[in-house]
Amino acid sequence: ANLERVLAPMTRYFLHDLGLTKSQFRTVLYKFPRLFTNSLAKVQRTIEYLRHNVGLDLEQIKKAITRAPNFLGLQYETIHDRVNYLRDSLDLSKEQVVQLIAAATSLLGYNVERNLQPKLDYLKPRIPLLRTAVLKMPNLLLYSLEKRLQPRLDAILDHDLDPMLLTVGIPMKDDAFDEWLYRHVDKKQKSLNEAAPPTTTPTTTTTTKSGITHWNRERRSPP
């Protein structure tokens with residue numbers, strides 16, 4: 001009875017109505033085994049909202065479901081509120097909302113007050129072109145604020161580097177990030193030295209927050 005009432009209609013909807021392959025549907029069930037505890041009407045309402053209100057096409061919907069199906073367990077109102085928050089906070093056009101949600105579907109599962117808002121409150125005053133940064137790197141907001149976003153951006157800004165570099169440095173492992181940051185710091189220092197070469201070259205060493213030790217040349221005015 002349960003098979004006919006719940007499992008069969010849900011399976012038919014994903015395989016026939018949405019056009020997922022059996023392999024894709026197995027992936028959905030592996031990532032979200034509680035799918036069948038949700039009503040078909042609830043799942044349909046969520047997907048129809050993403051298709052007809054947000055604007056994702058069928059292929060984008062299929063990729064979103066396969067990539068991050070947990071959002072199917074959320075209430076429609078919750079997803080609606082999170083989409084609107086991202087759109088309004090980042091001043092996104094309809095096309096840009098589609099681009100962001102299609103690329104970083106897991107954002108639909110992120111609580112606004114506990115997750116998204118603290119991240120945007122931290123990033124907005126530090127990255128003037130935050131919308132551009134997020135669209136360039138949609139997964140940016142998926143990273144932890146305390147463990148990844150803040151320490152990486154603080155290290156970049158401590159060296160007066162372009163905050164947009166965060167979109168490049170954020171996915172790196174710690175050692176790779178430190179080496180990458182050192183190269184940018186060294187490149188900037190060489191550029192400054194070429195623009196205004198010092199008359200003497202005594203040096204001091206400093207250690208950055210990210211653990212990088214580099215040399216600062218003291219500049220003296222000519223007599």
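User: Which residues in helix 3 meet which ones in helix 4?
Analyst: In this predicted model, Ile47, Leu50 and Arg51 are the residues of helix 3 that meet helix 4, where their partners are Leu58, Ile61 and Ile65.

User: And at what angle do the axes of the two helices cross?
Analyst: The axis of helix 3, residues 40-54, and that of helix 4, residues 58-67, cross at roughly 135° and come within 10 Å. Because angles count as roughly antiparallel when they are over 145 degrees, helix 3 and helix 4 are classed as oblique to each other.

User: Left-handed or right-handed, that crossing of helix 3 and helix 4?
Analyst: The crossing in which helix 3 passes helix 4 is right-handed.

User: Switching to rings, how many aromatic pairs does the structure hold?
Analyst: There are five aromatic pairs in the structure. One of them joins tyrosine 13 and phenylalanine 14, whose ring centres are 5.6 Å apart and whose planes stand at 80°, so this pair is edge-to-face.

User: Are tyrosine 13 and phenylalanine 14 buried or exposed?
Analyst: Tyrosine 13 and phenylalanine 14 are both buried. They also belong to one aromatic cluster, which Tyr13 and Phe14 form together with Phe25 and Phe36.

User: What about phenylalanine 177 and tryptophan 180, how is that pair arranged?
Analyst: The ring centres of phenylalanine 177 and tryptophan 180 lie 5.5 Å apart with their planes at 40°, so the pair is tilted. Both residues sit in helix 11, which covers residues 174-195, and they are three residues apart, about one turn of the helix. Phenylalanine 177 has 3% relative accessibility and therefore counts as buried, and tryptophan 180, at 6%, counts as buried too.

User: Which residue lies over the face of phenylalanine 177?
Analyst: That is arginine 152, which lies over the face of the phenylalanine 177 ring at 4.3 Å from the ring centre.

User: New topic: where is asparagine 111, and what is it in contact with?
Analyst: Asparagine 111 is placed in the loop between helix 6, residues 94-103, and helix 7, residues 112-123. Once its neighbours within four places in sequence are left aside, asparagine 111 is in contact with Arg82 and Leu116. Its relative accessibility is 17%, so asparagine 111 counts as buried.

User: Last one, where does serine 23 sit, and how far is its C-alpha from that of threonine 66?
Analyst: Serine 23 is in helix 2, residues 22-31, and because its relative accessibility is 42%, serine 23 counts as partly exposed. The C-alpha atoms of serine 23 and threonine 66 are separated by 9.9 Å, although the two residues are 43 residues apart along the chain.

Notes. Residues are numbered from 1 along each chain as its sequence is written. This is a predicted model: local features need pLDDT of at least 70, side-chain atom pairs count only at pLDDT 80 or more; totals for chains, interfaces and linings use all residues. Side-chain values use heavy atoms; hydrogens and water are left out. Rings of Phe, Tyr and Trp (its six-membered ring) pair if their centres lie within 6.5 Å; planes under 30 degrees apart count as stacked, over 60 as edge-to-face and the rest as tilted. Buried means under 20% relative accessible area, exposed over 50%, partly exposed in between (1.4 Å probe, protein chains only). Helices (H or I, at least four residues) and strands (E, at least two) are DSSP runs, numbered from the N terminus. A charge sits over a ring if NZ of Lys or CZ of Arg is within 6 Å of the ring centre and within 35 degrees of the ring normal. Contact means heavy atoms within 4.5 Å. Axes are lines fitted to C-alpha atoms, for helices over the stretch in contact, and angles run from 0 to 180 degrees between N-to-C directions. Angles under 35 degrees count as roughly parallel, over 145 as roughly antiparallel, 65 to 115 as roughly perpendicular and the rest as oblique. A crossing is left-handed if the near helix is turned anticlockwise from the far one by less than a right angle, and right-handed if clockwise.
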